[in-house]
Each structure stands twice: as C-alpha cells, then as structure tokens.
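I hope they are handy while you have the structure open.

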Amino acid sequence: MTSGFDAFSLALFTSLAPAGVVAFLALALVRLGSHDHAAAVRIDRMIALPFSVVLAGFIASATHLGTPANALHVFSGIGRSPLSNEVLSAVAFLFLVGSYWMMAFKEHFSDAVAKPWIALACLAGMGLIACTSVAYGVDTVPTWDTAFTPANLVLSALLAGPVLGLLFMETARVRPHALEVALIVLAAAALIVGTAVLVMHQASLETIVNNEFSASSLVPHYPSAIVIHLVLGALGVAAAGLSLKRVQSRRTTLALRIAASIFVLAAVFVTRFVFYHLHMTVGF
C-alpha cells in the first residue's frame, strides 16, 4: 500500500496534469483557428494558466521521489520504463508550452512560427496523457494492471479538462459557442461513461486477492467515492452549462466557471486518491 502522502501527491498529479493538458488543447484549438490578432494575443497570454496547472501537478508528483537526486534515476529508464516515459513526456510538454508562452511576448510572433509550435505542443500533451494512462500497467500490482486504469485516467481528463478549458477561454475573452457546447457535451459524456467504468472497476476488485487480503478490503469506501464523484461532477457540468448564457454578466460567467472547475477537479481527485490506496502486490 502507498502512504497517505504518496497517494495525495500522485493523485494531485494525475488529477491536474491530464486536465491541464486537455484545457490547453481547448485553448490551442481556438488559437489555431483564430484570424483575430487581438484574440490570438490574449490566448497566448492565457496559455500560462493550463501550463501552471500541469506544472503544479508535476511538482506535486516530484515529492514522491523522496529527494531531487532520484530524478536522475527516473530519466535513466527512458524507453523501457513507463514511469520514465511519463516523466519525459511531462518535461517535453512543459518545455514546449513554457517556451511558446515566453516567445509569445515578442513584439512580432508570426503565425507561421506560432501555429506549428502550438501544434507540436498539442502532440506532446496527448503523449503525456497516453504515457500517464499506461504508467501503472505493472504485472505485480493486479489492482492497477487492468483496462480500467487507463480508461479511468483518460475519462477523468475528459471530464475536468473541458471545464477548465471553458474557464481559461473566458479569461482570454474568447467565446466560440460551438466549441463551448462541444466541451460541455464531452465533459458530461466523460462523467457518465467514467462513472460506469468506476463501478465496473469496483466490482472487479472482489476477484483480486493475494495471500493476505482481498483488493476490495483496501478501499471499503470506494462505492461512496464513486457517488461523490458523480455528484460533484454533475454539479460541475451543470455550472459550466449555466455559464453559457449570453445575457449574464461576465463576472457571473467567470464565477460559474470557477465553481465548475473546482467541482470537477474535486470529483476527479476523490477517485484518483482511492486508486492509489489500491496498491496491492501479488505476494506479501
């Protein structure tokens, strides 16, 4: 089993980083399709927000290493270790997005440079989600080595990320209605499918045992966590939906999107925290 602190730090990483990437992808879509220079400049400035979300998650995960010196050992396994690949993908994404954001402050930052750069950052972000989702496929940890693990992480990213993306688009003062609706539909679908996957995962734990205990005994409150996830997620999606009204003040829209983001991130964190308490090896 992992310690409470390890579970907390890793749950923060896998809640924040994938959500931040999806929020970045939402902003990037608007930026790539934008022909309005003023809007493009505002988006470039606001890219600091999803970057900060991913960075905060990455820093939280670094506490799991014990000491900074252990990071060198992590990088030594690139190509053969899922954990090393995950760290490398996070560093690549943060480098591309961070350097893009700094370059965007240049007086002349042409689309001919900006758009390929941001497209490459999008690919790095998708790579980060992919690497993170498969990082827990460890043969000796049967509670993690299931199809539910990558599905849960991706669906969590698709729940929290679109809602965060709506918030960041509002801060950039860009409101593409079709994309906003699509993001809310995506978040709602991810909540429904994600909750179903969590229920199936919880049911599967009854069949996983070692010579000490059953997996279900590690997280007796898993069903309650799933209910909390569903309720908080529904509140977040509902608040995000209400924020689409065009007749309300910008302050109200911003408040709704902040509340929605808090709700969905909390919904994701609850189940990610439970996931790390499911650490159980095949033997002692």
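1. Let me start with Leu159, which touches Ala187, Ala190, Leu191, His229, Val237, Val264 and Val268, leaving aside residues up to four places away in sequence. A contact here means heavy atoms within 4.5 Å. Please keep in mind that this is a predicted model, in which local features need pLDDT of at least 70, side-chain atom pairs count only at pLDDT 80 or more, and totals for chains, interfaces and linings use all residues. Residues are numbered from 1 along each chain as its sequence is written, and side-chain values use heavy atoms, with hydrogens and water left out.

2. Leu159 also belongs to the largest nonpolar core, which has 61 residues; Phe24, Phe93, Leu159 and Met169 are the ones that touch the most other members. Such a core is a set of buried Ala, Val, Leu, Ile, Met, Phe, Trp, Tyr and Cys residues joined through side-chain atoms within 4.5 Å. Buried means under 20% relative accessible area, exposed over 50%, and partly exposed in between, using a 1.4 Å probe and protein chains only. Helix H1 (residues 4-33) gives the most to this core, namely 13 residues. There is a second, separate core of 21 residues, including Ala11, Ile208, Ile226 and Leu278.

3. For the overall picture, the protein has 10 helices and 0 strands, where helices (H or I, at least four residues) and strands (E, at least two) are DSSP runs numbered from the N terminus. Of its 284 residues, 48% count as buried. Among contacts between residues at least 6 apart in sequence, 81% join residues at least 24 apart.

4. Which residues lie nearest the centre of the largest cavity? They are Asn152, Ser156, Leu198, His229 and Thr271, out of 13 lining residues. A cavity is a set of points, on a 1 Å grid over the protein atoms alone, where a 1.4 Å probe fits but cannot get out; lining residues have an atom within 4 Å of a point.

5. The lining divides into 6 nonpolar, 6 polar and 1 charged. Here Ala, Val, Leu, Ile, Met, Phe, Trp, Tyr, Cys and Pro count as nonpolar, Asp, Glu, Lys and Arg as charged, and the others, Gly among them, as polar.

6. The structure holds 13 aromatic pairs. Rings of Phe, Tyr and Trp (its six-membered ring) pair if their centres lie within 6.5 Å; planes under 30 degrees apart count as stacked, over 60 as edge-to-face and the rest as tilted. Phe8 and Phe269 make an edge-to-face pair, 5.5 Å centre to centre with 75° between the planes. Phe8 lies in helix H1 and Phe269 in helix H10, so this pair ties together parts that are 261 residues apart in sequence. Phe8 is partly exposed at 40% relative accessible area, and Phe269 is partly exposed at 21%.

7. Tyr136 and Trp144 form an edge-to-face pair too, 5.2 Å centre to centre with 85° between the planes. Tyr136 is buried at 9% and Trp144 is buried at 8% relative accessibility. Tyr136, Trp144, Phe275 and Tyr276 form one aromatic cluster.

8. Finally, have a look at Arg173, which has a positive phi of about 60° although it is not a glycine. Arg173 sits in the loop between helix H7 (148-171) and helix H8 (177-204).

Conventions
On a 1 Å grid over the protein atoms alone, a cavity is a set of points where a 1.4 Å probe fits but cannot get out, and a pocket is an open set with protein on both sides within 12 Å along at least five of seven lines; lining residues have an atom within 4 Å of a point.
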